[in-house]
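Trainee: Before I use the side-chain labels on this structure, I would like to check them against their definitions.

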Amino acid sequence: MTVLLVLATFVLFLVVDHFYSKRPAVRPVMEVQPQAGVGLTLQPNVVSGFVVPDNVRYHPGHTWALSESPSLVRVGMDDFASKLVGKVEHLALPQRGQWIRQGQKLATIQRDGTKVDMVSPIEGSVADVNDAVAQNPALALKDPYGEGWLVTVQSPDAKTNFRNLLGGALARWWTEEAASRLQRRVPAMLGALAQDGGVAMDNLTAQMPDEKWNEVAREFFLS
């Protein structure tokens, strides 16, 4: 039921954005060519305590996509996901050459013996895997939009895939809604969502029992 509500909200946002903007609801992002070993250049906004860069596009399951060429897309988890995960023992990523589908399993996070999947924002063949994150999963939590990226994907239909993602004002509205829903879901973390500088705490669910964390993570990650 919760998943249906999230998807319904997503559709509503798309309709609102369509009628109140002269642009298409979601545009493919500008091409960016990051240098190897250097974090991505971002245009950050902080929404309800979470960093929401303008030049990436978001899947409602809290993963992001950044276009590097017409068919090459870099993928990672967003700041909301990194703070909801909080800590991670193991991060299982797909293999190079593996075909992944938009909205289906991309990676598996293991925390305190419990596992939860994250879904892919894009469809295509995995071109590269961030071996640094595979060896040190905490990097994905510390720098989710930069050195903590997860995979790159050769996506033959990237343009169409990007139309299904959230960007700009729509992404900010969605993040605000997700933060409000998290507060309602876990009232005890109300004070943790806006710490110094308006940024949420790194590990929002530190005091949450494992079973409860798994339930909440699955709800927000749509897995």
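Predicted model: local features only at pLDDT ≥ 70, side-chain atom pairs only at ≥ 80, totals over all residues.

Mentor: Residues are numbered from 1 along each chain as its sequence is written, and side-chain values use heavy atoms, with hydrogens and water left out.

Trainee: Why is the pair of Tyr-58 and Trp-174 called tilted?

Mentor: Rings of Phe, Tyr and Trp (its six-membered ring) pair if their centres lie within 6.5 Å; planes under 30 degrees apart count as stacked, over 60 as edge-to-face and the rest as tilted. The centres of Tyr-58 and Trp-174 are 5.9 Å apart and the planes stand at 40°, so this pair is tilted.

Trainee: What makes this pair a tie between parts apart in sequence?

Mentor: Helices (H or I, at least four residues) and strands (E, at least two) are DSSP runs, numbered from the N terminus. Tyr-58 belongs to strand β3 (residues 57-59) and Trp-174 to helix α6 (residues 168-185), so the pair joins parts 116 residues apart in sequence.

Trainee: How do you know whether Tyr-58 and Trp-174 are buried or exposed?

Mentor: Buried means under 20% relative accessible area, exposed over 50%, and partly exposed in between (1.4 Å probe, protein chains only). Tyr-58 has 1%, so Tyr-58 is buried. Trp-174 has 5%, so Trp-174 is buried too.

Trainee: Why is the pair of Phe-80 and Phe-220 tilted?

Mentor: Their centres are 5.3 Å apart and their planes are at 45°, so the pair is tilted. Phe-80 is in helix α2 (residues 79-85) and Phe-220 in helix α7 (residues 210-221), so parts 140 residues apart in sequence are tied together. Both Phe-80 and Phe-220 are buried, and ring pairs link Phe-50, Phe-80 and Phe-220 into a cluster.

Trainee: What makes the contact of Asp-54 and Arg-172 a salt bridge?

Mentor: A salt bridge is a side-chain nitrogen of Lys or Arg within 4 Å of a carboxyl oxygen of Asp or Glu. For Asp-54 and Arg-172 the N to O distance is 2.8 Å. Asp-54 has 27% relative accessibility, so Asp-54 is partly exposed, and Arg-172, with 28%, is partly exposed as well.

Trainee: How far apart in helix α6 are Arg-181 and Glu-177?

Mentor: They are four residues apart, so about one helical turn separates them. Their salt bridge has its closest N and O atoms 3.3 Å apart. Arg-181 is buried at 10%, whereas Glu-177 is partly exposed at 22%.
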